[in-house]
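This report describes selected features of one protein model.

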Amino acid sequence: SDKVEQVVSTGPGAKEAKIAQSHATEVICLGKGSWYLNPNINGAIDIGAESCRVVKFEENGTVHDFALNDKCASGTGIFLNAMAKALEVKLEDMGELSLKSTEEINITSTCVVFAESEVVSQIHRRVNKNDILRGIHNSIASRVRGLANRLQLEGNILLAGGVALNVGVVNCLQEMITGKLIVPEDPQIVGALGAAIVAKERV
């Protein structure tokens, strides 16, 4: 049947979706979607536009524990977008450009506003943009690593969210954690897939 029997919404605007019969948390949807795509994972990391979350699974795929970033946008897509504008590079080009880095640059600020000021200062000192990008990606990866370490997450880890499309962030994070990162074909819709699975279960 083509009839939609149940709609479940998730994410920051979940309660604004009038078409939805019910809602599900982003953690639950991340867990459901990730496990559906790969039942051989030990956990999942979701780096989205506004937030970052990490889940650790039981052997049967239920969420054992989870951790969320604080209200600051550091470690998220918003942070990347702000840095792309400061550097005057396309968001989709950031990852590949950072792979050409030849010198390590540290971006120490955790706040988007202060980090942007730090990047502008680097630009004025004529620091290579590729090196700055690598520093930005390392900054994001270090915050995500902090969440993963909080859960003692290791083994196979699915990486979800739009930031997973940035090969620079993926490479930096892989260097920092002990687990093996697995990026699915469409990482940005893992949470939506999880919501669909929840909807099916609730019918």
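## The second largest pocket

In this predicted model, the second largest pocket has a lining of 13 residues, and Leu91, Gly162, Val163, Leu165 and Asn166 are those that lie nearest its centre. The volume of this pocket is about 230 Å³. Two helices, α2 (77-87) and α3 (94-98), each supply at least two residues of its lining. Sorted by class, the lining of the second largest pocket comprises six nonpolar, five polar and two charged residues.

## Helix α2

Helix α2, one of the contributors to the second largest pocket, is mostly covered, with eight of its eleven residues buried. The buried residues in α2 are Gly77, Phe79, Leu80, Ala82, Met83, Ala84, Ala86 and Leu87. Just after α2 comes Glu88, which takes a positive phi of about 60°.

## Val119 in helix α4

Val119 belongs to helix α4, which spans residues 112-124. Its relative accessibility is 0%, and the cut-off for a buried residue is under 20%, so Val119 counts as buried. Leaving aside residues up to four places away in sequence, Val119 touches Met83, Ala86, Leu87, Ile107, Ile132 and Ile136. Among these contacts of Val119, Met83, Ala86 and Leu87 are themselves buried residues in α2.

Val119 and Ser142 are 23 residues apart in sequence, and their C-alpha atoms lie 17 Å apart in space.

## The five-stranded sheet

Five strands form an open sheet in the order β5-β4-β3-β6-β7, and the pairing is mixed. The edges are taken by β5 (63-68) and β7 (180-182); each has a single partner strand, so one side of each is left without a neighbour in the sheet. On average, neighbouring strands of this sheet are turned by 20° against each other, direction ignored. In general, the strands of a sheet pair through backbone hydrogen bonds, in either a parallel or an antiparallel sense.

Helix α6 (residues 167-176) lies across β3, β6 (156-160) and β7.

## Strand β3 and its partners

Which senses of pairing does β3 show towards β4 and β6? Strand β3 (residues 43-47) pairs with strand β4 (residues 52-57) in the antiparallel sense, over five bridges. A hairpin of four residues joins β3 to β4. With β6, strand β3 runs parallel, and four bridges join the two. Gly43 illustrates both pairings: it stands opposite Lys56 in β4, and it also stands opposite Ile157 in β6.

Is β3 mostly covered or mostly uncovered? Strand β3 is mostly covered, since five of its five residues are buried. Both of its faces are covered: Gly43, Ile45 and Ile47 are buried on one side, and Ala44 and Asp46 are buried on the other.

## The largest pocket

The largest pocket has a volume of about 330 Å³. Its lining consists of 20 residues, and those nearest its centre are Glu26, Asp46, Gly48, Arg53 and Gln188. Helices α1 (26-37) and α7 each supply at least two residues of the lining of the largest pocket, and α7 gives the most, with three residues. The lining of the largest pocket divides into eight nonpolar, eight polar and four charged residues.

## Lys200 in helix α7

Helix α7, which gives the most to the lining of the largest pocket, covers residues 190-202 and includes Lys200. Is Lys200 buried or exposed? The cut-off for an exposed residue is over 50%, and Lys200 has a relative accessibility of 70%, so it counts as exposed.

Lys200 and Val8 are 192 residues apart in sequence, whereas their C-alpha atoms are 9.1 Å apart in space.

Methods:
Residues are numbered from 1 along each chain as its sequence is written. This is a predicted model: local features need pLDDT of at least 70, side-chain atom pairs count only at pLDDT 80 or more; totals for chains, interfaces and linings use all residues. Side-chain values use heavy atoms; hydrogens and water are left out. Buried means under 20% relative accessible area, exposed over 50%, partly exposed in between (1.4 Å probe, protein chains only). Two strands pair if DSSP finds at least two bridges between them. Axes are lines fitted to C-alpha atoms, for helices over the stretch in contact, and angles run from 0 to 180 degrees between N-to-C directions. Contact means heavy atoms within 4.5 Å. On a 1 Å grid over the protein atoms alone, a cavity is a set of points where a 1.4 Å probe fits but cannot get out, and a pocket is an open set with protein on both sides within 12 Å along at least five of seven lines; lining residues have an atom within 4 Å of a point. Grid points are joined across faces, edges and corners, and a volume is the space filled by probe spheres set on the points. Ala, Val, Leu, Ile, Met, Phe, Trp, Tyr, Cys and Pro count as nonpolar, Asp, Glu, Lys and Arg as charged, and the others, Gly among them, as polar.
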